[in-house]
Amino acid sequence: MPLAVQIRRNGGPEVMELAEVAVGDPGPGEIRIRHHACGLNFIDVYQRSGLYALPLPLTLGMEAAGVVEAVGEGVTHLKPGDRAAYASQPPGAYSEVRVMPAKCVVQLPDAISFEEGAAMMLKGLTVQYLLRKTQPQGGLQPGDHVLFLAAAGGVGLIACQWARAMGLELIATAGSDDKCRLALEHGAAHAINYRRENFVERVKEITGGRGVKVVYDSVGKDTWDGSLDCLQPFGLMVSYGNASGPVPPVALGTLAAKGSLYVTRPTLFSHISSREATQAMADDLFGMVTSGQVKIRVERRYALKDVAQAHIDLEARQTIGSSVLLP
Ligand SMILES: NC(=O)c1ccc[n+]([C@@H]2O[C@H](COP(=O)([O-])OP(=O)(O)OC[C@H]3O[C@@H](n4cnc5c(N)ncnc54)[C@H](OP(=O)(O)O)[C@@H]3O)[C@@H](O)[C@H]2O)c1
């Protein structure tokens, strides 16, 4: 029987087990896909730990690339033999083969490898909606400053390159000097080692005291207050992750006191709820990658059985760019 990484209880990396699972035929609206590579994402950590509570037992994983083996009734955009990739609910991507809803699965262009596909769908579609759709009043124009935290990570390195292509002055934060260098090499205009430097003061210096139009913050608890202090009046706080823990409840009056700020807490899954929306976003992402404006950095490869080590490294801030699991 095919193998998959399952959890029967929430906890640390040790709760993940390689298990044999039965995989049947796809039903209406579903496909069966054999994975060549699976993406590693911080959301997998939240689902494993229970920060995002889901019914158990659970096969983890939200992103993968592979070959379609069979399609169910009503599926017209994919056929057996197609190369395909996805970022999708429900979890289940840490597996050799699975049956899943077809609506969030798209054909993978030949120019993009399975590893790149598995490394870029969840992270790249996230950057697509963050930079293209999650904008402040009046939008973003070339030359505008935005602050992007954890910019040397999987989402981060894609964002640095995409922002450069849009002409934005992306100010990166990252947890080491090496990571800062990497963010600069990938298109950040400035980089701040926020373990060593006060990032609020540095952002004020860089922007001549004005602050930025948007902060993209996936660190959460540890950076929330500082991120708000980096914004211009009417600026937009995009809180889209919790790598350091969830943001505690917020007193709304804080937003008035800091300059009539806007706040959003978005998730990719609201953006890819229909096949049409997913395809349009994927086309934009594929265009950025095949044109060479965004390169997907697959930095680490782990065998599926070594998934615990992959989670340990991700949570310890040891990884840069994207990592993949190989079934
Ligand atoms: N809402 C959405 O739609 C959406 C979609 C995709 C991803 N996300 C979020 O985006 C973030 C990035 O995801 P990713 O998969 O690409 O991960 P990643 O950025 O490769 O890894 C997380 C990074 O967060 C930073 N970090 C800061 N404080 C941390 C702490 N206490 N513990 C661990 N890491 C810490 C680390 O970078 P430094 O050492 O440089 O600080 C670490 O490398 C995650 O928070 C994820 O949940 C949200």
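Predicted model: local features only at pLDDT ≥ 70, side-chain atom pairs only at ≥ 80, totals over all residues.

I started with disulfides, meaning pairs of cysteine sulfur atoms within 2.5 Å, and the count came to zero. C38 is in no disulfide, as the nearest cysteine sulfur, that of C104, is 17 Å away. I then checked burial (buried is under 20% relative accessible area, exposed over 50%, partly exposed in between, with a 1.4 Å probe and protein chains only). C38 counts as buried at 0% relative accessibility, and C104 is buried too, with 7%.

Residues are numbered from 1 along each chain as its sequence is written, and side-chain values use heavy atoms, with hydrogens and water left out.

Next came the ligand. I found 28 residues around the ligand, with Y129, G175, K179, Y194 and L268 the closest; a residue is near if one of its heavy atoms lies within 4 Å. For polar contacts I took pairs of N or O atoms within 3.5 Å. A backbone N or O atom of L268 sits 2.7 Å from a ligand oxygen atom. For G175, a polar backbone atom is 2.8 Å from an oxygen atom of the ligand, and for F42 a backbone N or O atom is 3.0 Å from one.

Notes
Polar contact = N/O pair within 3.5 Å; in protein donor to acceptor, adjacent residues only side chain to side chain.
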